[in-house]
Protein chains: 2
Amino acid sequence: MAKKWANHPVVAGVGGADLYLDLTGAGGRRERLTRALREAVRTGRLAPGARLPPSRTLAADLGLARNTVADAYGELVAEGWLTARQGSGTRVAQRAEPVPRPHPRPGPPSRTGAHTGARTRAGDREGSDFLRSLQRPFLHDLRPGTPDVSAFPRQAWLTSARRALTAAPADAFSHGDVRGRPELRHALAGYLARARGVRADPGNIVICGGFVQGLTLLARVLPGEAALEAYGLGPYREVLADAGVRTRPLPVDAHGADIARLDRLPSVRTALLTPAHQFPTGVPLRPDRRAAVIDWARRGDGLVLEDDYDGEFRYDRQPVGAVQSLGPERVCYLGTASKSLAPTLRLAWMVLPEDLVDPVIAAKTPAEWISAVPDQLTLADFIRSGAYDRHLRAMRQRYRRRRDRLVTALAERVPRVRVTGIAAGMHAILELPRGAQETAVREAAERRGLGVTALSSFRYPALPGDAEEPGPALVVGYGSPAEHAFTAALEALCSVLEAELGGG
Amino acid sequence: MAKKWANHPVVAGVGGADLYLDLTGAGGRRERLTRALREAVRTGRLAPGARLPPSRTLAADLGLARNTVADAYGELVAEGWLTARQGSGTRVAQRAEPVPRPHPRPGPPSRTGAHTGARTRAGDREGSDFLRSLQRPFLHDLRPGTPDVSAFPRQAWLTSARRALTAAPADAFSHGDVRGRPELRHALAGYLARARGVRADPGNIVICGGFVQGLTLLARVLPGEAALEAYGLGPYREVLADAGVRTRPLPVDAHGADIARLDRLPSVRTALLTPAHQFPTGVPLRPDRRAAVIDWARRGDGLVLEDDYDGEFRYDRQPVGAVQSLGPERVCYLGTASKSLAPTLRLAWMVLPEDLVDPVIAAKTPAEWISAVPDQLTLADFIRSGAYDRHLRAMRQRYRRRRDRLVTALAERVPRVRVTGIAAGMHAILELPRGAQETAVREAAERRGLGVTALSSFRYPALPGDAEEPGPALVVGYGSPAEHAFTAALEALCSVLEAELGGG
């Protein structure tokens with residue numbers, strides 16, 4: 001027995017936990033055990049004050065004579081690594097500080113480091129830059145896209161988690177349906193039909209780890225080239241391009257995307273749209289265009305991807321239901337918990353046309369198998385119990401109040417700025433006076449710790465020559481700050497705009 | 001106002017919840033409201049018994065005259081869709097059954113359907129087949145790879161969830177570190193150092209959504225071609241191939257992978273190994289080979305990917321620590337909660353060499369941004385509080401008892417079968433007598449509702465001609481059944497083997 005252990009590291013129980021001891025190397029048993037324990041203390045694996053097992057216990061664990069362990073303890077007490085007191089056993093000495101970590105890593109990681117000889121196969125530079133930009137901290141963050149996560153309903157979420165995990169069948173923890181948990185797909189089918197007018201069968205819903213994962217899957221099966229709104233999120237273009245889908249811009253005007261232009265793009269058979277609240281310009285797609293895009297898809301065997309990212313937040317009496325209900329067989333409806341609850345939940349959903357369900361499932365790689373089941377079960381209970389409706393109602397009121405304060409403050413202090421796109425969502429367009437420089441204003445804001453985004457940064461790189469282009473504007477997200485921080489953020493915004501544009 | 005609403009669907013509050021009403025189409029206001037409400041009842045969006053808001057309230061919500069709403073209600077009561085009683089208001093009639101769902105979808109989805117004109121860009125057929133195979137139900141499931149999820153520590157997990165989510169800073173819900181939550185990376189660094197001997201700095205740990213996602217990221221940055229153990233999981237080959245990495249088989253013998261052969265593969269600079277407990281043969285990598293693979297990596301600027309999938313479960317006195325500790329600058333250590341807790345948590349971790357951290361982060365696409373934060377925070381607390389150690393200890397005892405029962409039962413009833421690879425993990429190799437047909441035995445088992453796997457199904461397709469090949473064998477996972485179901489599964493296994501191979 002001893003002959004064997006001596007050539008291997010071992011794991012011994014210490015204080016109810018497992019301790020790794022490296023017993024390899026030169027020397028006899030006592031010497032190797034002493035060295036392994038010393039190393040465990042030195043590197044901090046055995047923390048100061050930690051109690052070691054009685055020598056008899058450790059000896060039995062390791063298949064050693066008790067004296068061998070007692071001798072090792074004695075040597076380490078003599079060296080000062082351990083202390084031994086009557087009644088309290090053998091402990092790690094308090095003054096045995098762990099060595100400092102060799103590689104402190106403050107702040108976000110840079111991209112300058114490169115593994116010797118490593119090659120990078122991912123072509124997703126813009127995507128990664130976008131991810132990194134989200135991590136950039138601002139004192140006042142009015143960039144669009146993030147809800148007020150300080151209002152994340154922690155207690156209600158935990159209540160749902162307890163109910164859902166207690167009631168879940170055991171197989172929920174082993175292998176899930178690749179479409180997502182049935183509990184969640186049923187809860188979503190009911191909710192989406194009721195609140196968004198979506199014609200949703202639970203069997204046609206596929207849960208995904210965020211909108212982008214859904215788009216990544218769809219990119220592998222969608223027909224033809226894809227038309228994207230000429231203003232939108234750059235990473236979506238990248239996701240499609242990475243999957244080999246050629247994209248074309250669809251100009252956006254005061255009534256949403258220019259659907260008629262689809263007929264001039266014969267190679268396009270997919271249209272990715274934000275009909276309820278165009279991102280970022282904030283206009284809803286005009287009713288005749290909603291009908292027209294379904295007609296287009298039916299005529300040419302096309303597909304509409306409906307990105308309903310903030311459809312839950314609407315402030316007037318004309319909430320815009322999902323286009324999907326006009327032609328469920330031609331529309332992939334995509335919704336997400338990233339705006340309604342929190343982006344770090346990594347939960348979104350697709351309602352697919354019947355004949356796309358199997359291709360989308362088949363397009364999943366093993367890495368995309370399913371989303372975390374505890375969160376899926378919790379969200380299902382959260383919806384079913386009415387907590388989701390209550391949360392949305394509270395957040396809608398909160399965002400509406402902020403929107404109203406934003407509009408009022410700007411009208412008073414910087415009346416040259418026109419605020420648009422505010423019928424829904426959690427961001428607004430601030431149209432700057434002709435001649436104002438978006439970038440200069442954004443940079444002035446950033447110098448004061450205020451994060452805002454220039455409208456042009458959402459612009460598709462290659463617009464058609466005859467496309468109507470908006471003037472200089474900022475996209476201001478009023479959702480992101482915590483409630484207590486919104487006043488200061490709004491004040492910072494008004495100050496910057498006063499300074500850069502001049503007041504009334 | 002009325003002119004506007006009439007062209008749009010609306011959402012009204014019904015019973016504290018949002019109800020979608022499609023008010024578009026022909027006719028006057030009353031007619032359109034009547035039709036929208038009728039459709040909501042007919043399709044089940046308004047459930048039988050649901051109480052409608054008082055006509056005054058709905059009228060105010062919709063900007064209509066009260067009489068318009070009252071008339072619509074009256075008409076639907078007359079048609080039998082609604083009921084109206086003094087004191088209980090207007091409700092959906094109980095006999096108004098929702099229409100049946102048009103597309104019932106029993107059982108797992110088939111892959112025969114294809115979207116008209118859709119093209120499939122994913123080349124991951126084997127991966128998808130593997131995913132689907134996991135969903136195939138057996139009465140007795142002794143396939144390897146899944147732990148006993150009936151023992152998932154729900155209450156302890158929920159306790160950690162409550163503590164973790166209550167204590168979490170608000171920004172945990174908005175935008176996380178692309179490496180994963182610092183709480184979890186710190187907890188893992190301590191645990192892995194203590195229990196597995198891993199030299200882990202929290203800054204070098206990257207959390208991922210399962211082992212395969214980690215491998216997917218690494219495949220984009222690893223150097224050269226990759227050597228894989230000649231027996232292993234097929235999807236891993238696919239993941240590497242999809243990323244453009246050429247793979248070569250490394251024969252496996254009674255002492256693990258044949259490390260010396262790496263020197264005969266000059267284009268190989270990456271080796272993916274399961275050193276603690278080779279999957280599926282179950283042997284640990286012999287100590288001299290552990291040292292040799294690190295030497296190989298140092299000599300040729302190579303990289304070792306250490307898949308420590310079940311390193312927590314070891315039953316003898318020679319637990320095998322991580323190879324990573326021998327050369328942290330040359331090893332990517334990969335661990336997972338899929339075996340220790342549950343595969344549907346989708347949580348795994350990589351401990352990377354310092355110079356690989358930035359390239360791996362940069363290789364993430366937006367869809368791979370982070371894993372769900374609530375689960376990350378919960379696992380961090382679960383580890384820190386000692387609940388993870390307690391759970392592992394209990395499961396280790398449970399699996400060890402099952403292993404012992406398996407060995408004893410087979411020795412008694414089918415002594416011609418030799419059981420190997422049992423020093424660790426939750427699966428065993430059943431070496432069948434020479435001449436026995438693996439596939440025939442597996443099929444006989446499946447006819448009785450027993451899932452086992454032939455060793456050959458894990459074989460690399462193209463082995464070198466001089467590679468030692470094992471005889472016929474089954475891979476039997478004894479972890480998967482619930483505790484109450486293990487006896488019956490073991491009995492089924494013994495019966496099948498007796499019938500197919502004959503007893504003593």
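Hi everyone, let me start with a list: in α13 of chain B, the buried residues are B:Val373, B:Pro374, B:Asp375, B:Gln376, B:Leu377, B:Thr378, B:Leu379, B:Ala380, B:Asp381, B:Phe382 and B:Ile383. Please keep in mind that this is a predicted model.

So where is this helix? It runs over residues 373–384 of chain B and has twelve residues. From its first C-alpha to its last it reaches 16 Å, close to the 16 Å expected at 1.5 Å a residue. Eleven of those twelve residues are buried, so α13(B) is largely enclosed by the rest of the structure.

What covers the buried residues of α13(B)? Part of the cover comes from the other chain: α13 (373–384) of chain A is included. From chain B, the cover includes α6 (154–167), α7 (182–196), β6 (205–208), β14 (348–351) and α14 (387–413). And just after the helix, B:Gly386 takes a positive phi of about 90°.

Now let's step over to chain A for the overall picture. Its secondary structure comes to 16 helices and 19 strands. Chain A has 504 residues, and 62% of them count as buried. If you take the contacts in chain A with a separation of 6 or more, residues 24 or more positions apart account for 72% of them. As for the surface, chain A exposes about 18600 Å², with carbon and sulfur atoms supplying 51% of that.

How many aromatic pairs does a search of the whole structure find? Over all chains, the number is 18. Take A:Phe313 and A:Tyr399, which form an edge-to-face pair, 5.2 Å centre to centre and with 85° between the planes. A:Phe313 lies in the loop between β12 (303–307) and β13 (331–336) of chain A, while A:Tyr399 lies in helix α14 (residues 387–413) of chain A, so the pair ties together parts that are 86 residues apart in sequence. Are these two buried or exposed? Both A:Phe313 and A:Tyr399 are buried.

There is also a cluster linked by ring pairs: A:Phe152, A:Trp157, A:Tyr191, A:Phe382 and A:Tyr388 from chain A, joined by B:Phe173 from chain B.

One last thing to look for on your screens is an arginine over a ring. In chain A, A:Arg237 lies over the face of A:Tyr460, at 4.9 Å from the ring centre. In chain B, B:Arg237 lies over the face of B:Tyr460, at 4.9 Å from the ring centre.

Notes. Residues are numbered from 1 along each chain as its sequence is written. Chains are lettered from A and ligands numbered from 1 in the order in which they are written. This is a predicted model: local features need pLDDT of at least 70, side-chain atom pairs count only at pLDDT 80 or more; totals for chains, interfaces and linings use all residues. Side-chain values use heavy atoms; hydrogens and water are left out. Rings of Phe, Tyr and Trp (its six-membered ring) pair if their centres lie within 6.5 Å; planes under 30 degrees apart count as stacked, over 60 as edge-to-face and the rest as tilted. Helices (H or I, at least four residues) and strands (E, at least two) are DSSP runs, numbered from the N terminus. Buried means under 20% relative accessible area, exposed over 50%, partly exposed in between (1.4 Å probe, protein chains only). A charge sits over a ring if NZ of Lys or CZ of Arg is within 6 Å of the ring centre and within 35 degrees of the ring normal. Contact means heavy atoms within 4.5 Å. Accessible areas come from the Shrake-Rupley method with a 1.4 Å probe; for residues, only the protein chains shown count as cover. The expected span of a helix is 1.5 Å times one less than its number of residues.
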